[in-house]
Amino acid sequence: MTALQTSDACGSARGEGACAQRGPAGISTATAPLAAPPDRATQPAARPRASASPSSSQAASKPATSASAPVSPGASPSTSANPPATPATPGASAGQVLALINTARSAAGLPALTITSGLETTASAHNLLMASGCGLSHQCPGEPAIGARETAAGIHWTAAGENIGEGGPVADTTAAITQMAVTLTQDMLNEQPPNDGHRMNILSTSFTHIGIAVYRDSSGTVWLTQDFSN
């Protein structure tokens, strides 16, 4: 089974405006507000269960119920729109997810997203927290919100967002883990308005950088986190 969830900056091109919007499928978007939110489509609730934040969906799917986590008011992002220029090389599973994302962006006439080490750090840390008992959520107990996490990792953002998901169980092989991560991401891309927060994060014109973490826990569940910034 799979589950999804999405998180992104507060405000919406569709006029919803508020953070933590929940879609009918139980997936939601978490957003990182800025003092002056950029003018971009900031995703409302995202969706199918199998992963969280914006979500992708299903290999034996069913919607997950989780809420979006807005950035803590005390976390003030840098005024610079450029994260540290530290490109990273993703692992095999994350590399396949990145290829799928950038193929979709290319088809939409958008530039490719670049993997950066700071976002890989935030995505990996969040994945481990979810797998360690937190479950599909944008903000685990004691964990800062997405915007504060990116700032702490050295990311200078004015737009930040997150897609998360989980699915399985799958075999402990690179092929099976990669297939689940790709399935979750394809489910995100298959979303339809108005419940397409994950897809909107992936195809956002505001995001230029991404960190992707894929992790299989001892029960065979695959956890996927995609963190975005400009």
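This is a predicted model: local features need pLDDT of at least 70, side-chain atom pairs count only at pLDDT 80 or more; totals for chains, interfaces and linings use all residues.
## Starting at helix α4

The buried residues of helix α4 are Ile-177, Thr-178, Met-180, Ala-181, Thr-183, Leu-184, Thr-185, Asp-187, Met-188 and Leu-189.

Apart from its neighbours within four places in sequence, Val-182 touches Gln-96, Val-97 and Leu-100. Leu-100 lies 82 residues from Val-182 along the chain, yet the C-alpha atoms of the two are separated by 7.5 Å.

## The protein as a whole

Now let us step back for the wider view. The protein has 5 helices and 6 strands. If you follow the chain from the N terminus, the elements come in the order β-β-α-β-α-α-β-α-α-β-β.

Of the 230 residues in the protein, 57% are buried. The accessible surface comes to about 8,400 Å², and carbon and sulfur atoms hold 55% of that surface. Among contacts with a separation of 6 or more, 76% are between residues 24 or more positions apart.

## Helix α2 and its cover

Next comes helix α2, residues 117-134. Its 18 residues should span 26 Å at 1.5 Å a residue, and because the end C-alpha atoms are 24 Å apart, the model agrees with that expectation. Just after α2, Gly-135 has a positive phi of about 80°.

Which residues of α2 are buried? They are Gly-118, Leu-119, Glu-120, Thr-122, Ala-123, His-126, Asn-127 and Met-130. The cover over these buried residues includes the strands β3 (114-115), β4 (160-167), β5 (209-216) and β6 (222-229), as well as helix α3 (146-152).

Strand β6 is one of the elements covering α2, and it deserves a visit of its own. This strand is mostly covered, with 8 of its 8 residues buried. Val-222, Leu-224, Gln-226 and Phe-228 point one way, while Trp-223, Thr-225, Asp-227 and Ser-229 point the other way.

How do β4 and β6 run, parallel or antiparallel? They run antiparallel, joined by 8 bridges. Within this pairing, Glu-162 has Asp-227 of β6 as its bridge partner. Strand β5 also pairs with β6 in the antiparallel sense, over 8 bridges, and here His-209 stands opposite Ser-229. The hairpin of β5 and β6 has 5 residues between the strands, and in this hairpin Gly-220 takes a positive phi near 95°.

## An aromatic pair

One last feature brings us back to a residue of β6. How many aromatic pairs does a search of the whole structure find? The search finds 1 aromatic pair. Its members are Phe-207 and Phe-228, which are stacked, with 5.2 Å from centre to centre and 20° between the planes. The pair links distant parts of the chain: Phe-207 sits in the loop between α5 (197-202) and β5, whereas Phe-228 is in strand β6, and the two are 21 residues apart.

Phe-207 has 1% relative accessibility, so Phe-207 counts as buried. Phe-228 has 0% relative accessibility and therefore counts as buried too.

Terms used:
Residues are numbered from 1 along each chain as its sequence is written. Side-chain values use heavy atoms; hydrogens and water are left out. Contact means heavy atoms within 4.5 Å. Helices (H or I, at least four residues) and strands (E, at least two) are DSSP runs, numbered from the N terminus. Buried means under 20% relative accessible area, exposed over 50%, partly exposed in between (1.4 Å probe, protein chains only). Accessible areas come from the Shrake-Rupley method with a 1.4 Å probe; for residues, only the protein chains shown count as cover. The expected span of a helix is 1.5 Å times one less than its number of residues. Two strands pair if DSSP finds at least two bridges between them. Rings of Phe, Tyr and Trp (its six-membered ring) pair if their centres lie within 6.5 Å; planes under 30 degrees apart count as stacked, over 60 as edge-to-face and the rest as tilted.
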